[in-house]
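Subject: Structure handover

Hello,

Here is the structure I promised to pass on. Please open it alongside this email; my notes follow below.

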Amino acid sequence: MSCCATSPSATSSSWGGPAKGDPEVTLPEHGERETAFGLLRSVVADLDRNAGPVALSGLKNQLRRVQPDFSEKKLGYRSFLQFCKAAATAGAVDLRWDTETDDYLLTGVGRG
């Protein structure tokens, strides 16, 4: 007898979908995330060009002025900071902690 044999009943159970009562989880399309990163890149570039590095605090409100229905939660991010970190990892913006302002600062890529 094999150490790892499974009974026919174990292999015939249904793994093809959620169990009754499980919440439905949907992930955003890849294009939605890229569009949101583009929005962030554009807003940060405009603000950075006019006033220098952009503080994370208040930036979400700036994005909502351009796109009122913006929500990082719709894109699967738990927080706006998590969204900005993902955008920085993807190369959309530069993000760094600034001890002087005690806030994250964002700049256009390469403007650091």
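Where is the place of Asp98? Asp98 sits in strand 2, which covers residues 94–98. Before going further, note that this is a predicted model.

**Confidence**

The average pLDDT of the protein chain is 82. A score of at least 70 is reached by 71% of the residues. Residues 4–14 are another matter: the pLDDT there is below 50. Beyond near neighbours in sequence, that stretch has one contact in the model.

**Around Asp98**

Back to Asp98. Is this residue buried or exposed? Asp98 has a relative accessible area of 15%, and it counts as buried because the cut-off is under 20%. Its side chain makes a polar contact with the side chain of Thr101, at 2.8 Å. Asp98 also forms a salt bridge with Arg96. The closest N and O atoms of that pair are 3.5 Å apart. Arg96 is partly exposed, at 34% relative accessibility.

Leaving aside neighbours within four places in sequence, Asp98 is in contact with Asp103 and Leu105. The C-alpha atoms of Asp98 and Ala55 are separated by 9.2 Å. Those two residues are 43 residues apart along the chain.

**Salt bridges**

How many salt bridges does the structure hold? The count is six. Three residues, Lys60, Glu72 and Lys73, are linked in a network of them.

Lys60 is partly exposed, at 22% relative accessibility. Glu72 is buried, with a relative accessible area of 1%.

Another salt bridge joins the side chains of Glu34 and Arg33, at 2.9 Å from N to O. Glu34 is partly exposed, at 32% relative accessibility. Arg33 is partly exposed too, with a relative accessible area of 27%.

**The nonpolar core**

Which residues of the largest nonpolar core touch the most other members? They are Leu40, Leu59, Leu63, Phe70, Phe80, Phe83 and Leu106, out of 21 residues in this core. Helix 2 (30–51), helix 3 (59–66) and helix 4 (80–89) each supply at least two residues of the core. Helix 2 gives the largest share, six residues.

Take Leu63 for a closer look. Setting aside neighbours within four places in sequence, what is Leu63 in contact with? The list is Leu39, Leu40, Val43, Phe70, Phe80 and Phe83.

**Thr107**

One residue remains on my list. Thr107 is in strand 3, residues 103–107. Its relative accessible area is 4%, so it falls under the 20% cut-off and is buried. The C-alpha atoms of Thr107 and Asp46 are separated by 9.6 Å. Along the chain, Thr107 and Asp46 are 61 residues apart.

**Points to keep in view**

- Residues 4–14 have a pLDDT below 50.
- Glu72, in the salt-bridge network with Lys60 and Lys73, is buried at 1%.
- Asp98 has both a salt bridge with Arg96 and a polar contact with Thr101.

Best wishes

Conventions. Residues numbered from 1 in each chain as written. Predicted model: local features only at pLDDT ≥ 70, side-chain atom pairs only at ≥ 80, totals over all residues. Heavy atoms only, no water. pLDDT = per-residue confidence, 0-100. Contact = heavy atoms within 4.5 Å. Helix = DSSP H or I, 4+ residues; strand = E, 2+ residues; numbered from the N terminus. Buried < 20%, exposed > 50% of the residue type's maximum accessible area, 1.4 Å probe, protein only. Core = buried A, V, L, I, M, F, W, Y, C linked by side-chain atoms within 4.5 Å. Salt bridge = Lys/Arg side-chain N within 4 Å of Asp/Glu carboxyl O. Polar contact = N/O pair within 3.5 Å; in protein donor to acceptor, adjacent residues only side chain to side chain.
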